[in-house]
Amino acid sequence: WMIGSIYTAVMAIIVFQWNYGGWRTFALWCALPSATGAALVYYLVPESPRFSALHGEFEKAVKVTNMLGGYMGNDVHDDDALTLEEVQHCYKDSVIEDDDDDEDEKSKMKKAKQSIQTLYTPKMRSTTLPLQAIWFSLSFGSYGLLIWINSIFVEVHLKDVYTNALLFAVANLPGNVVSGAFMDKVGRKVMLSSSMVCAALCLACFAYYARDPDNQREESGMPVGQVGIVLSACAFQAFSISGWNTIDCMTGELFPTSNRSTGMGICTASGRIGAMVAQFVNGSLAEDPVRLLCVACGSLLFGAIAPCMLGEDRAKRPLEDGVENSNEDEEEEELLSGSYQSITPPPIV
């Protein structure tokens, strides 16, 4: 995401500011990384070892787990490596029968409907609904604003819009560093709420400076309002990226393996709805940047409350395989915590 944002900003400068082509050229250059990434993921990224084990592909699960353990700097050779017998012992009673090839479309639709309904059972709705609220509000306040950021820069009279957009994209870096360094230390919920609150405060500062962007210091002539706009916008981007990293990780951890893809899909759809609604709202407020920023700020503050409704963090803990299995089997947890400490945290998702 960070590299793609910076790449897009650089291409905008080359194509539009330096006049090396038109919008078709820009669209082509922006499409190339996506096509390349899709090919690399298809050929190089392995399936989740846990997913493979749950579908009876034990040898594949062992191979990928040991490979990832080696990439993490652990010694996974000889006696320290995960073995086929150990994986079979943990998952032999949890294998999911895959009979999709024998099902008709009606049966598949029924199974999909049941999977969605499972997310709103009394046991799961306390997880699903808060996550949907977070995805909606975070998408409304961040994705919805990203599309309009250049228009806002123009509206508040920033001179070099494309360079400022590049700075805005580079601000992803500190957000990624902070979330990577502190997410496990402070916990998912604290990290998410604090990131969203800080992002909202940055938007409030953005709105404050946007009231009078041409304000200048008498002694230096420096446009304080415009500098404040750029700095607050970059800080907002850093904190919002930290929030996105956290919610992506948290969503995958809170849903059990059997419903994880469905849960991720429902939450992502909620986020897309939030981003689409934001386009209508932001479009109606485009000529009044202060009100637009205040609305986005309110959306983020609303979303910052929702993590308090979620259960405890599952950081550094085994993940659930099914809705009915709220706790990992004691024998499996003992095995994972004892035999495989060299490739923690097992099992890899």
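**Helix packing and a cavity**

Mentor: In H7, Ile134, Ser137, Leu138, Gly141 and Leu145 meet Leu192, Met196 and Leu203 of H11, where contact means heavy atoms within 4.5 Å. By class, this contact of H7 with H11 has six nonpolar, two polar and no charged residues; Ala, Val, Leu, Ile, Met, Phe, Trp, Tyr, Cys and Pro count as nonpolar, Asp, Glu, Lys and Arg as charged, and the others, Gly among them, as polar. The model is predicted: local features need pLDDT of at least 70, side-chain atom pairs count only at pLDDT 80 or more, and totals for chains, interfaces and linings use all residues. Residues are numbered from 1 along each chain as its sequence is written, and side-chain values use heavy atoms, with hydrogens and water left out.

Helices (H or I, at least four residues) are DSSP runs numbered from the N terminus. The axes of H7 and helix H11 (residues 188–210) come within 12 Å and cross at roughly 35 degrees; axes are lines fitted to C-alpha atoms over the stretch in contact, and angles run from 0 to 180 degrees between N-to-C directions. This crossing is left-handed, a term for a near helix turned anticlockwise from the far one by less than a right angle, with right-handed for clockwise.

H7 (residues 125–146) also packs on helix H12 (residues 224–254), at an angle of about 155 degrees and with the axes 11 Å apart. That makes H7 roughly antiparallel to H12, the word for angles over 145 degrees. H7 passes H12 in a left-handed crossing. Among the residues that meet are Ser142, Tyr143 and Leu146 in H7 and Gln237, Ser240 and Trp244 in H12. The residues of this contact of H7 with H12 divide into 12 nonpolar, eight polar and one charged.

H12 has a further partner in helix H9 (residues 161–170), at an angle of about 35 degrees and with the axes 8 Å apart. The crossing of H9 and H12 is right-handed. Asn164, Leu167 and Phe168 of H9 make the contact with Val230, Ala233, Cys234, Phe236 and Gln237 of H12.

H12 gives the most to the lining, with four residues.

Notes:
Helices (H or I, at least four residues) and strands (E, at least two) are DSSP runs, numbered from the N terminus. Angles under 35 degrees count as roughly parallel, over 145 as roughly antiparallel, 65 to 115 as roughly perpendicular and the rest as oblique.
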